[in-house]
Amino acid sequence: MAENTVDHAAKTPVTLLGLGAMGAALARTWLAAGHPLTVWNRTPARAEPLAALGAAVAATAAEAVAAGRLVVVCLLDDASVAQALDGASLAGRDVVNLVTSTPAQARARAEWVRERGARYLDGGIMAVPPMIGIPAAGPYVFYSGSPGLFAEHRDTLAVPAGTTWVGEDPGFAALYDVALLSAMYGMFAGVAHAFALIGEEKVAPTELAPLLSSWLTAMSGSVAKTAEQLESGDYTSGVVSNLAMQVAGTPTFMRTAEEQGVSAELLEPYFRLMRRRLAAGSGEEDLVGVVDLLRR
Ligand code: FVH
């Protein structure tokens, strides 16, 4: 074979259900890597650009599933997966579900797929569409479920993004995914509050941005310490900024918000938990005790 031609025969065929922003990005990377690709999307027009790149377009989800063993699902949510796969013959298929779901939804979907004679792998995508197929951007996917399926298809799954195995429990990929995304939303909330605070002053958001960014990076070092404290149960050794001091500072944050005409509704729930922990006599601790208050 000539050096620059793609050997399609050697590449695992992929069926992909869902051509939204993420599905289309995945599709483009498999096509570029020479994988035979069959696609289906509820709204057929979204398949046209991929057909032009060489994808086979199926008229129905059932037809797409029939086209090959490895079936990747990248639809909106768990309900759309049930709708799309209803009526498809899954026997002998390897289903990889990349839809963001809850751990319980992923476990139930794994059982649903297994009952239909297929192997199941759940995935939680840690990337936004422009990162897909760009290893330097650091995209990866948490996978859990069938170890056999993962071992067999790992190279194919690694084409659009790195693969991080988190165990046989099919709910684990979703658990890791939602845990990381929840932390991200907490960060977004803080960033929104910070930009709102400077809003009425003569400070340009682009002036604050690099300062905010490097401060958040510096503070992310606390994540590892929190983990160690949770594992050891020791919340008071080596504490640098104790809870009592931090609670004492909260009125300043509330007053600043008021002075700046900014709602403190994003800060207040966290401060409430800090005060509750302090009231329980934990003033010498780090902020880690808030984790225990959240666990119901
Ligand atoms: N995009 C992102 O930033 C995030 C990054 C992390 C992972 N998420 C999750 O990935 C799943 C797909 O997300 P997406 O970005 O592709 O989402 P959309 O662009 O909104 O496309 C949604 C596709 O789902 C199809 N769809 C919706 N409902 C149904 C249904 N009932 N039956 C069949 N298909 C359905 C929709 O089809 P259409 O509207 O074009 O007809 C799109 O193909 C998702 O779980 C994210 O949480 C993305």
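Trainee: What share of residues 169-296 is helix, and what share is strand?
Mentor: That span is 69% helix and 0% strand. Its end C-alpha atoms lie 23 Å apart. Keep in mind that this is a predicted model.

Trainee: New topic, the ligand. Where does the ligand sit?
Mentor: In the second largest pocket.

Trainee: How many residues surround the ligand?
Mentor: There are 22. The closest are N41, T43, R46, Q83 and T100.

Trainee: How does that shell split into nonpolar, polar and charged?
Mentor: The shell has 12 nonpolar residues, 8 polar and 2 charged.

Trainee: Which helix gives the most to the shell?
Mentor: Helix 1, with 3 residues. Helix 1 spans 21-32, and helix 4 spans 78-85. Each of these two supplies at least two shell residues.

Trainee: What lies 2.5 Å from an oxygen atom of the ligand?
Mentor: An N or O atom in the side chain of T43.

Trainee: And which atom of A21 is 2.9 Å from a ligand oxygen?
Mentor: A polar backbone atom of A21. L76 also has a polar backbone atom 2.9 Å from an oxygen of the ligand.

Trainee: How much of the ligand's exposed area does the protein bury?
Mentor: The protein buries 78%. Taken alone, the ligand exposes 900 Å².

Definitions and conventions
Residues numbered from 1 in each chain as written. Predicted model: local features only at pLDDT ≥ 70, side-chain atom pairs only at ≥ 80, totals over all residues. Heavy atoms only, no water. Near = heavy atom within 4 Å. Polar contact = N/O pair within 3.5 Å; in protein donor to acceptor, adjacent residues only side chain to side chain. Areas by Shrake-Rupley, 256 points an atom, 1.4 Å probe, with all protein chains shown as cover. 1 Å grid on protein atoms, 1.4 Å probe; cavity = no way out; pocket = protein on both sides within 12 Å on 5 of 7 lines; lining within 4 Å. Sits in = over half its atoms within 2 Å of the grid points. Helix = DSSP H or I, 4+ residues; strand = E, 2+ residues; numbered from the N terminus. Nonpolar A, V, L, I, M, F, W, Y, C, P; charged D, E, K, R; others polar.
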